[in-house]
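Dear colleague,

Please find the structure below. My notes on it follow.

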Amino acid sequence: MPYNKNTNHPENLNNKAYSGNMVRSKSEALIEMFLYKNQIPFRYEELLQLGDIDVYPDFTILNKHTGKVTYWEHFGAVDLMKYSRDTFAKLQLYTLKDLLPGNQLITTFETKSQPLTPEKVERIIEQYFL
């Protein structure tokens with residue numbers, strides 16, 4: 001079904017995911033692949049209104065077993081100062097709006113020396129959705 005997607009910076013959607021969708025990073029493509037292969041319903045960068053602030057979590061995921069929605073944000077360059085500041089500001093916003101990491105919000109992080117791995121994504125998928 002159609003949904004309100006992030007239309008900012010479409011030029012950054014340069015990684016083709018397993019499903020054929022275009023995403024912004026190789027790590028998002030990895031997450032998308034595991035969601036898609038496990039037939040977990042998700043939307044990529046769907047609009048989420050938090051009060052008067054619009055955000056676009058990387059993934060909005062419907063848990064088929066509980067019917068609850070979970071958001072997954074991947075932060076892929078936390079070793080860069082500006083990206084790190086933006087990351088923590090976004091996490092603060094989520095927390096202030098009662099979307100807590102480990103509850104309705106999954107967060108993954110990576111740096112150049114510690115990339116996101118398929119094993120980590122698979123563990124998270126198993127823990128939250130299977």
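For the charge count, Lys and Arg are taken as positive and Asp and Glu as negative, with His and the chain ends not counted; each charge is placed at NZ of Lys, CZ of Arg, CG of Asp or CD of Glu. On that basis, the mean positions of the 15 positive and 16 negative charges of the protein lie 2 Å apart.

This is a predicted model, in which local features need pLDDT of at least 70 and side-chain atom pairs count only at pLDDT 80 or more, while totals for chains, interfaces and linings use all residues. Residues are numbered from 1 along each chain as its sequence is written, and side-chain values use heavy atoms, with hydrogens and water left out.

The protein has three helices and eight strands (DSSP runs numbered from the N terminus: H or I of at least four residues for helices, E of at least two for strands). From the N terminus, their order is β-β-α-β-β-β-β-β-α-β-α. Along the principal axes, the C-alpha trace spans about 35 × 35 × 30 Å.

Of the 130 residues, 38% are buried, that is, under 20% relative accessible area with a 1.4 Å probe, protein chains only.

One residue deserves a separate note. N63 sits in the loop between β6 (59–62) and β7 (69–75) and, at 9% relative accessibility, counts as buried. A polar atom of the N63 side chain is 2.8 Å from the backbone nitrogen of H65. Leaving aside residues up to four places away in sequence, N63 touches K68, Y128 and F129 (contact meaning heavy atoms within 4.5 Å).

With kind regards

How values were computed:
Buried < 20%, exposed > 50% of the residue type's maximum accessible area, 1.4 Å probe, protein only. Polar contact = N/O pair within 3.5 Å; in protein donor to acceptor, adjacent residues only side chain to side chain.
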